[in-house]
Amino acid sequence: MTGPMLGSVSRQRAAAGLALVLLAVAAVLFPVVFSSPVVTNYAIYALIFIAVVTAWNMFSGFSGYISLGQAVFFGSGAYAVGIAARDWHINGVGVFALLPLAAAVGAVIAVPFGLVALRVRRHTFIVITIAVFFIFQLMAYNFSFTGGSVGVSAPFLPWSPTTFNDRFYYLTLGCAVVAVVLAVLVKRARFGLQLRAIRDDEDRARGLGVRTMRVKLAAFVLSATITGLVGGVWFLYLSQVLPPSGFDPLFDLSLVLMAFLGGLGTISGPIIGALLIEPGQLYLTIRFTNGYLSEILLGALFLAIVIFVPRGIVPTAGEWLRRLRTRGRPAVPPVPAAADPDPASSGRIGGTR
Amino acid sequence: MARQIYQAIVDGILVGGVYALMAVGLTLIFGVLDIINIAQGVLVILGAYLSYSLETRLHIDLFAGLLITVPVMFVIGVFIQWAFIRRLRGRERTSMTLLVTYAVALIIEGILYEIYGPDPKQLTASYVQSSVHVFGFYLSYIYLYGFALAVVLIAAIYALLYRTTFGRSVRATMQDHTAARLIGIEVNRVAALTFGVGVGVTAAGGMLFGATNAFNPNSGYDLISRLLAIIILGGLGSIGGALAASVFMLTLESLVDIWSPEWAIVVFYAVLVLVLVIRPTGFFGRPPVRAQ
Amino acid sequence: MRPHSPWLSRNNLALSAAAVLSACLVAACSSSSSSSTTGSTKATSSPTSTKPITIGASLSLTGDFSDDGQAFERGYQLWASDVNSSGGLLGRQVQLKILNDNSSPTQVQTNYQTLFASDKVDLAFGPFSSLLTTPSASVAARYGYALVEGAGGAPTVFASPANQTAHNVFDVSLPIEDEMIPFVNWVASLPPGQRPKTAAYPMADDPFADPPVQLAQQRLQALGVKTVYSKIFPAENASYKPAADQVAATGAQAVLLGSTDVPTVSAFMQAFEQQHYNPKMFICAAGPDQGAAFTSAVGKGNATGMMVPNGWYPGYPNPESQKMVSEYVAKYGGSPSDVNADVAEAYSVGQVMAQAVTGTKGTDNAKIISYLHSGVTLSTVQGPVRFDNSGRNSSAAAFTFQWQQSGTAYKQVLPVSAAGSVSIINPKPNWTS
């Protein structure tokens, strides 16, 4: 590396570090600045979705296996906390100690689920995740220990509205941070590279020595653990879980949309997608009480997103930024002797899918 | 008890016909375009509403009305493919098609709510309530006619696929888009027309569904998951598989229903998972196609 | 070595964008939602010395419960306009703020938080359905609001932890468990030879539909009526026909259907008709009480003889109720028997709240809660209302209704001795068509 390049690298690192610190400070101070419970309510739901979409993206975005069964873990985590609190007579603050149980339940379910589902590819995989999702929803309806159609209620936490929301804000913030950190670690590790290899061409990856089943399963379980945990938190916040709300078919489609909008397979993509869509959806439903029109608009919006931002906001923005920065000149001056064998620097390994 | 079992089997077969008609379009679209059309549930409902309007405003019989609703839905299908689906390509194509078809479903549902409102409707005709007495069982006419219609339409699609030039193009496209293009097939046109055929057949499925169930714009969601299970079980892209899987699943569900209605639906999905574990391509599926 | 991958610099942009976005978004959401309040805390056209009383509610205007939600909205608004045209409450005009929750629990919670913290409404009305009432009650309890509602009568609502702690839920309608008791009592009053020998109890998987049927099953079994079918089926279109065919195969003389809506009932009726099976007695937990929505789905002729329990019907001989019915018909058209029972439930919610406000001479929610729990009896278009410790209406009258005269008349038939009851059609006539 030459001198100027070294300087620019450390400058970029410093800038990134500074941005992260600012972001952290802003996140922590957020409820202090915007103390109204209405605002923190939106923030809580946004953070819940940031965590879950990041977890989903960690598996589906990186590996290319689109899962529409994430709600299985979300609902199972919620029910785990609810059933444990009910049967073990836990009230008050003690319920939060049950959250690790929610995460564990998510992980435990993911193992057999993954072993069965990850043997098939693409569309069959999608439908198997849908089928397992419905099996879980129906089990929630049918078993008596899940409360049937009545569901499970959370113990009442008699805190003032602002305190209640603030505490849940920090809790969900923690979950989101954990999810993002894990996603970054996965992406940077060899594990992440293996996942991307599977996405681009699974057979070739296997031929190159990647233990595809293990890698897929590990990512699947990891994503399930986080999702289960967040499901438990959501249950405590909403104070109730029912079969159709814990296992909500539209939940999974929202995850796909948010991840897609932000940019599948990126880290910040899910964050942006969740931030835009979740509060937006809640707010628009309040604003436009003529619900049918809002449904049509929502559908039109999705179409617009897919057609005009097909690669997601973050990758597209990254491209604009690069074009701005380089003003048409290539970022790397081409070496005259040997042509650079690297394909486009966005990190694709090629292959078709 | 034996009587209940026979009744369940008969019910299952007849209702399976209705579901087959709804699923055929889905599997055809999948086979040629390699996409899962989540809007299929709502398209069934759209077909039901079209038949409803024809029946209540113009007093056209349900089956005769198909002569109008099928072409109309065909055109709608071609439009949807041409406007939204055609341009989807690239690595993220799978998630894009999920989102696009979901978006289309939302839009159609919203429009149906605006036009018809949320009250449930049902198609009525003299043969909907009445039944024929056969071997000690009552078989309702609508289901008999429906099953016959399903067989006829599926046979027609088979003929289309195996006896016409167009059908040959469709089958070639199913196998390999690039190769099909190389031999001069206009893949885009084939895709659009096939989407149209798939949606057109769904009009008939919609009419039957509407005659046998009360429906409102929201009813599409319950359907789509079952239809997906059926086509995967039958094998993606296999028409005959869709019919076989429909009849099989509905009969099985009907039998389990004797013991417990709550668990009958679970069986539906559990069987799917089980079969896929053993045979990932379903009953009559072919090995996964290479994407374009 | 390659220069720094664009991934990181792109991420810089993304991170800062995320920070800015989040702040902007939530700020926008919160400020807009408070400014969109149509003059709730500012005196607008009302006299300068009195501010309007604002009442917030979240209703299912779209989604699974949309037809009921919309009927409820009409009921709330009818009540508000009646109150305002007769001078308002304590001399102040009433302003409703109704938000749509799309039948979603997450949205319902957000809506009530918005209404309480941002719009700062004075009082709260409940949402539609027991499933949405429980999370609403939690929010209301935290903010200290009384939640007066008319459509959350399942046992779980009253047993919910929030209500058990704060006692803030008040259901003005009949607790659903007791709905079929008049029917059971009537069967018991028949001479043993005329009682049904066998009964079938198909129930949709819903907390609203099952309790009344299960309780009725217990009582009827004790009377000697044999249970030939008692199963819960999923509340999904495709499950109705198999369950109905099974019931038809039993040939039961009485059918008590745990239904929540018209499509369930019409699917059962259609399957029965196809099987040429006609039970002598047929009562449904819900569906036939939906007026025109019911008769147009099943056909007027077929509706004859169908029974349904309820706390109210359009012909209820109560002057306030009659007035409300004629106003509704004048405003929305149709005939009196088309009026949905939801409208009366919503109207009663308003009436109870109004009496609480005048009784406590203000809008202090804590005072209202203790007033409503004080054992006072209030009057509504659905009859008398008196709340027990958990918020149930212990004075609610349970009536049973039946469609008569070829589906054109919806008549009160039980309790036999109640004022306004006409003779019951028994056995149910055969299907027509």
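How many bridges join E1(C) to E2(C), and do these strands run parallel or antiparallel? In this predicted model, E1(C) and E2(C) are joined by 7 bridges and run parallel. One of the residue pairs involved is Gly56(C) with Lys97(C), the latter being the bridge partner in E2(C).

The two strands belong to a chain in which 15 helices and 14 strands are found, chain C. Of the 433 residues of chain C, 61% are buried. Among the contacts in chain C with a separation of 6 or more, 71% are between residues 24 or more positions apart.

Within chain C, 5 strands form an open sheet with parallel pairing, in the order E2-E1-E3-E4-E5. Its edges are formed by strand E2 (94–100) and strand E5 (169–171) of chain C, each of which pairs on one side only. From one strand to the next, the twist averages 25 degrees. In general, the strands of a sheet pair through backbone hydrogen bonds, in either a parallel or an antiparallel manner.

Helix H2 of chain C, residues 66–85, packs on this sheet. The strands touched by H2(C) are E1 (53–59), E2 and E3 (123–125) of chain C. The direction of H2(C) makes about 170 degrees with that of E2(C). Although E2(C) is an edge strand, E2(C) is mostly covered, with 5 of its 7 residues buried.

A packing of two helices was examined in chain B. Helix H1 of chain B, spanning residues 2–33, and helix H9 of chain B, spanning residues 187–212, pack with their axes 7 Å apart and at an angle of about 165 degrees. Because angles over 145 degrees count as roughly antiparallel, H1(B) is roughly antiparallel to H9(B). The crossing in which H1(B) passes H9(B) is left-handed. The residues of the contact between H1(B) and H9(B) comprise 18 nonpolar and 6 polar residues, with no charged ones.

Methods
Residues numbered from 1 in each chain as written. Chains lettered and ligands numbered in written order. Predicted model: local features only at pLDDT ≥ 70, side-chain atom pairs only at ≥ 80, totals over all residues. Helix = DSSP H or I, 4+ residues; strand = E, 2+ residues; numbered from the N terminus. Buried ≥ 20, exposed ≤ 12 C-beta atoms within 10 Å, placed from the backbone. Contact = placed C-beta atoms within 7 Å. Pairing = 2+ DSSP bridges. Axes fitted to C-alpha atoms, helices over the stretch in contact; angles between N-to-C directions. Parallel < 35°, antiparallel > 145°, perpendicular 65-115°, else oblique. Left-handed = near helix turned anticlockwise from the far one by under 90°. Nonpolar A, V, L, I, M, F, W, Y, C, P; charged D, E, K, R; others polar.
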